[in-house]
Amino acid sequence: VELIIVGVIVLAAVSAVLFPLLRRRPADVLPAQPAALEDRIASYRAALLAGTVCDRCLRDNPEGSRYCADCGRELDVATADNPAS
Ligand SMILES: [Zn+2]
């Protein structure tokens, strides 16, 4: 009986170590061109800072946009005639 308990503990320990390693696999599916990915991240970051990321569909719209280019939702952007609430 003790052997079974030890076996279960070892199995749990091994799977605890292997599981994160297996979960890391999706990183291999990232775009082949890291530069393109970095550009995408940079543009999304700029949109986040500008407040032009759509609440509804999460699209990053160009800075200065007042409406989402994807779904048409009005963006919550602070402008001269539309101060942020
Ligand atoms: Zn949208």
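**Notes on the predicted model**

1. Val-17 is found in helix 1, which covers residues 2-23. The model is a predicted one, and within it Val-17 has a relative accessibility of 54%, so this residue counts as exposed, the cut-off for that class being over 50%.

2. Val-17 also belongs to a nonpolar surface patch of about 510 Å², which it makes together with Val-6, Val-10, Val-14, Leu-18 and Leu-21.

3. As for the protein as a whole, the secondary structure consists of 2 helices and 0 strands. Of the 85 residues, 12% count as buried, and among the contacts between residues at least 6 apart in sequence, 7% join residues that are at least 24 apart. The protein exposes about 7,000 Å², and carbon and sulfur atoms supply 63% of that area.

4. Which residues coordinate the zinc ion? The ligands are Cys-54, Cys-57, Cys-68 and Cys-71, each through its SG atom, at 2.3 Å. The angles among these 4 donor atoms run from 103 to 119 degrees, and the site is tetrahedral; the assignment follows because four donors count as tetrahedral if all angles lie between 85 and 135 degrees. For reference, the ideal angle for four tetrahedral donors is 109.5 degrees.

5. Along the sequence, the donor residues of the zinc ion are spaced C-x2-C-x10-C-x2-C. Within this arrangement, the pair Cys-57 and Cys-68 links distant parts of the chain, the two residues being 11 apart, and both lie in the segment after helix 2 (34-50).

6. Most residues other than glycine have a negative phi. Leu-58 is placed in the segment after helix 2, and with a relative accessible area of 53% this residue is exposed.

Technical notes. Residues numbered from 1 in each chain as written. Predicted model: local features only at pLDDT ≥ 70, side-chain atom pairs only at ≥ 80, totals over all residues. Heavy atoms only, no water. Donors = N, O, S within 2.8 Å, 3.2 Å for Na, K, Ca; no water. Tetrahedral: all angles 85-135°; square planar, octahedral: opposite > 155°, others 65-115°. Helix = DSSP H or I, 4+ residues; strand = E, 2+ residues; numbered from the N terminus. Patch = residues over 30% accessible without salt bridge, like charges linked within 9 Å, V, L, I, M, F, W, Y side chains within 5 Å. Areas by Shrake-Rupley, 256 points an atom, 1.4 Å probe, with all protein chains shown as cover. Salt bridge = Lys/Arg side-chain N within 4 Å of Asp/Glu carboxyl O. Buried < 20%, exposed > 50% of the residue type's maximum accessible area, 1.4 Å probe, protein only. Contact = heavy atoms within 4.5 Å.
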